[in-house]
Each structure stands twice: as structure tokens, then as C-alpha cells.
Amino acid sequence: MARPLDGAAERRVRRRLRWRGGHPCPSPLCVYLLAKRAMAIAARFAADRGDAEIGPQHLLYGVLLDARDPLGTQLSRRSRRQLAPLGFVPGRPNPVQLQLQARGIDLQRLAAEVYASP
């Protein structure tokens, strides 16, 4: 019976040169890097408001604040390099911001409304 790979085993395999091809293989978890900052903002927002849990309004506020900045803001060099094979180029506008603008939604106004909501 085959055992499922744990995280350490997966990292060891990814470090093998023949698997890497000179750079780390893109992982579906790389997309997590895009949400990491938004989740940190949401946690800080919930704590500032005195809420015990992070709710949908906190997550929305985190996504909106993260969308104001260019893609890859406050990511390490390694994290930015992991996003490149997936088509995300640091410094370009955030995809969330582009989607909101395409639908005529003002990012600043929406963030202010979420912030003011109870």
C-alpha cells in the first residue's frame, strides 16, 4: 500500500535537480501566496475591531486593500519567482483590481463601505 507524501517528502523531491530543471516546479499552492497578504490584512482588521473570528467582511476588506497595490507587493524574491511560471508578473496591477475596474466598481469606495459596515 502506497503512503501519501507528507510535506517534507514533497520538498525533498522538488529539490532534486532533475525535477527542477533549474528552477522550482510551479505548484498549485503558489496561488496561496497571492492570498497570504489579504488574509493577514483581514486578521489584523478583525483584531482591530475586537472581533473574535475572521468573517467574510474581514476577508473582503483584506482582498480590497491588497488589490490596491501592485501584484507581488511585500513578497520575497523567492515567492515572486514562484509566481512567474504561473503568469503573474510582479509590479503589474492586481487581477482583482482589474476585474473590479472592468465592471465599473470603485475599489476605494467599496473598501470604505466595507470598513464602515458593522
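**Exercise 1: A pocket and its lining**

The second largest pocket of this predicted model holds about 200 Å³ of space. Find which residues lie closest to the centre of this pocket, and which helix gives the largest share of its lining.

*Solution.* Start at the centre: among the 16 lining residues, Leu34, Ala35, Asp66, Leu71 and Asn94 are the closest to it. Next, look at the helices. At least two lining residues come from each of helix 3 (32-49), helix 4 (56-68) and helix 6 (95-102). Helix 3 gives the largest share, with five residues.

**Exercise 2: One face of a helix**

Work out how the buried residues of helix 7 are arranged around its axis.

*Solution.* First, pick out buried residues in helix 7 (residues 107-116): Leu107, Ala111 and Val114. Now look down the helix axis. The buried residues fall within an arc of 65°, so they line one face of helix 7.

**Exercise 3: Rings that meet**

Decide how the rings of Tyr61 and Tyr115 are placed, stacked or tilted.

*Solution.* The whole structure has three aromatic pairs. For Tyr61 and Tyr115, the ring centres are 5.6 Å apart and the planes meet at 40°, so this pair is tilted. Then place the partners: Tyr61 belongs to helix 4 and Tyr115 to helix 7, so the pair ties together parts 54 residues apart in sequence. Check Tyr61 for burial too: its relative accessibility is 12%, under the 20% cut-off, so Tyr61 counts as buried.

Conventions
Residues are numbered from 1 along each chain as its sequence is written. This is a predicted model: local features need pLDDT of at least 70, side-chain atom pairs count only at pLDDT 80 or more; totals for chains, interfaces and linings use all residues. Side-chain values use heavy atoms; hydrogens and water are left out. On a 1 Å grid over the protein atoms alone, a cavity is a set of points where a 1.4 Å probe fits but cannot get out, and a pocket is an open set with protein on both sides within 12 Å along at least five of seven lines; lining residues have an atom within 4 Å of a point. Grid points are joined across faces, edges and corners, and a volume is the space filled by probe spheres set on the points. Helices (H or I, at least four residues) and strands (E, at least two) are DSSP runs, numbered from the N terminus. Buried means under 20% relative accessible area, exposed over 50%, partly exposed in between (1.4 Å probe, protein chains only). The arc is that of the directions from the helix axis to the C-beta atoms. Rings of Phe, Tyr and Trp (its six-membered ring) pair if their centres lie within 6.5 Å; planes under 30 degrees apart count as stacked, over 60 as edge-to-face and the rest as tilted.
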